[in-house]
Amino acid sequence: MAVVQEKELLCKDFLAKPKKLLIDGKFVDAVSGKTFETINPATEEVLAKVPEGGKEDVDKAVKAARRALDGPWGKMATNERARLIYKLAELIEKHADELAQLETLDNGKPITESRYVDVAQTAETYRYYAGWATKLEGETINANSNFFTYTLREPVGVVGQIIPWNFPMLMQAWKWGPALACGNTVVLKPAEQTPLTALRIGELAMEAGFPDGVVNIITGFGPDSAGEAISNHMDIDKVAFTGEEATGRIIVKASAGNLKRVSLELGGKAPNIVFADADIDAAVKGAITGIFFNQGQVCCAGSRLFLEKSIHDEFMSKLTDRIAKMRQGHGLDEGTQIGPQVSKEQQQRILSYIDIAKKEGASLACGGAAPSEHKKGYFVQPTVFTGVNNDMRIAKEEVFGPVLAVIPFTGMDEVAEAANKTTFGLSGAVWTRDVKKAHKFAARIKAGTIWVNCYNVFDPAVPFGGYKMSGYGRELGKHSIELYSNIKSVWMNLMD
Ligand code: ADP
């Protein structure tokens, strides 16, 4: 730990200066003057004080966003828009190590992941969508020879975006990239646990040269605060939300006032299915990535591991051997593979799920507690339960932590039915060498993403989103363009 504290922090200047909201191109305090603290989850120390934005700040931001939409941004040529988004991607890469440190300090995640997943994917996502800005098209339609009919693709307008704390910078990119490419203006609320990288990226956006009011950032809370003010705002045209299912429902209700468009990416309880004919070593690694990546705080985490009975014991022995070698610690330590949970609240919630699993009769194969070697920090040991059945709460509810539920199975139909017996449908995976089985399963699992012989693979070009109660709308790829644009049909009378 001493090594980490002595380390020269590239983000120390940003950490030291007062944090402000970004409204209309200016960094300002909240109207109320209130602030809140953001905590380093590895040390429990206060990292920074951040403005607590509320309704009045959201109102100011929406007005600025509307002005920008009707003004310079709305009139800007699409290649200029593209250039600004490319410039933002370049600046993110220029400051990659600083941003990675900031993300690790605020969220807890291992620095290698911040650097090579979060920052790298953030830059790639902006680049991907910068390309789209110049490729938006309408169509001409041969409906009736008496009319010339064509469609225009227009921005939706002022967009509110509410994001979670598990991938703060990356979720901002998933939201800003397509919204800006389509010509919208945005009011973003980062999660209260992890507001820092959003603000730093706000600075980089200003440096890139986005006109005032195009991107606005209001740090603050959800209920009775900035989040609620965004979701029920009468002059916001669309809200995009990533977070908990229960919050998603609140946002849908709040959006009803002006019937704003809503897209939701919510929770998951993904089945990760390993057949006896799979490459077992690869599947063991996949099971670990599936559940322990980002400390299990991933909506598509493979939290239900279905193992074909004939390989169950061999698999479990290999799995627990590997887990025993995982290094848990401070995210800034280069050797760390698993960091702390984001907050005390999350740590306690996960520990309570571990208790519930024990009470419901699941067998603890490893982990099961906060590690005693860490006196500070919100750590939870990587934990695996065997002998789980699909009716236990640990198999039904989203734990959002490093807790794996192992469920044995015998046949294809049995596992397909069990895998789909969930209210969620965000993702799933299947491990097999049998191509037919893989395709059949890809079709049978009711979820928005299926990985075959891999897990947690992403690309900005490949759509992501949920079936069932995991939400609606698809982010990434060309599908996100649909979320952030309106189609207008134009009829021109050609009759003499
Ligand atoms: P988590 O429990 O993982 O923090 P949440 O769904 O509570 O997930 O949070 C995701 C985002 O939603 C955060 O930015 C949070 O502030 C915001 N949020 C929480 N409650 C509300 C609400 N009632 N209205 C609008 N935004 C909210």
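The dialogue below goes from the whole chain to its strands and to one serine.

Colleague: What is the radius of gyration of the protein, and what would a compact globule have?

Modeller: Please keep in mind that this is a predicted model. For 496 residues a compact globule would have a radius of gyration near 23 Å, and because the protein has 23 Å, the two agree. Along the principal axes, the C-alpha atoms fill a box of roughly 75 × 60 × 40 Å, and the secondary structure consists of 18 helices and 20 strands.

Colleague: How much of the protein is buried?

Modeller: Buried residues, meaning those under 20% relative accessible area, make up 58% of the 496 residues. The protein exposes about 19900 Å², of which carbon and sulfur atoms supply 52%.

Colleague: Which strands form the open sheet of three, and in what order?

Modeller: Strands of a sheet pair through backbone hydrogen bonds, in either a parallel or an antiparallel sense. Here the order is S5-S6-S20, with antiparallel pairing, and the edge strands, S5 (140-141) and S20 (485-493), each pair on one side only. Strand S6 (residues 147-155) is joined to S20 over nine bridges, and tyrosine 150 stands opposite valine 490 in S20.

Colleague: Which strands pair with S17 in the parallel sense?

Modeller: Strand S12 (residues 271-274) pairs with S17 in the parallel sense over three bridges, with valine 274 opposite tryptophan 431. Strand S18 (residues 449-452) also pairs with S17 in the parallel sense, over four bridges, and there isoleucine 450 is the bridge partner of glycine 428.

Colleague: Is serine 231 buried or exposed?

Modeller: Serine 231, found in helix H10 (residues 226-231), has a relative accessible area of 3% and is therefore buried. Leaving aside residues up to four places away in sequence, serine 231 touches Ile251, Ala254, Ser255 and Lys260.

Definitions and conventions:
Residues are numbered from 1 along each chain as its sequence is written. This is a predicted model: local features need pLDDT of at least 70, side-chain atom pairs count only at pLDDT 80 or more; totals for chains, interfaces and linings use all residues. Side-chain values use heavy atoms; hydrogens and water are left out. Helices (H or I, at least four residues) and strands (E, at least two) are DSSP runs, numbered from the N terminus. The radius of gyration is taken over C-alpha atoms; the globule rule is 2.2 Å times the number of residues to the power 0.38. Buried means under 20% relative accessible area, exposed over 50%, partly exposed in between (1.4 Å probe, protein chains only). Accessible areas come from the Shrake-Rupley method with a 1.4 Å probe; for residues, only the protein chains shown count as cover. Two strands pair if DSSP finds at least two bridges between them. Contact means heavy atoms within 4.5 Å.
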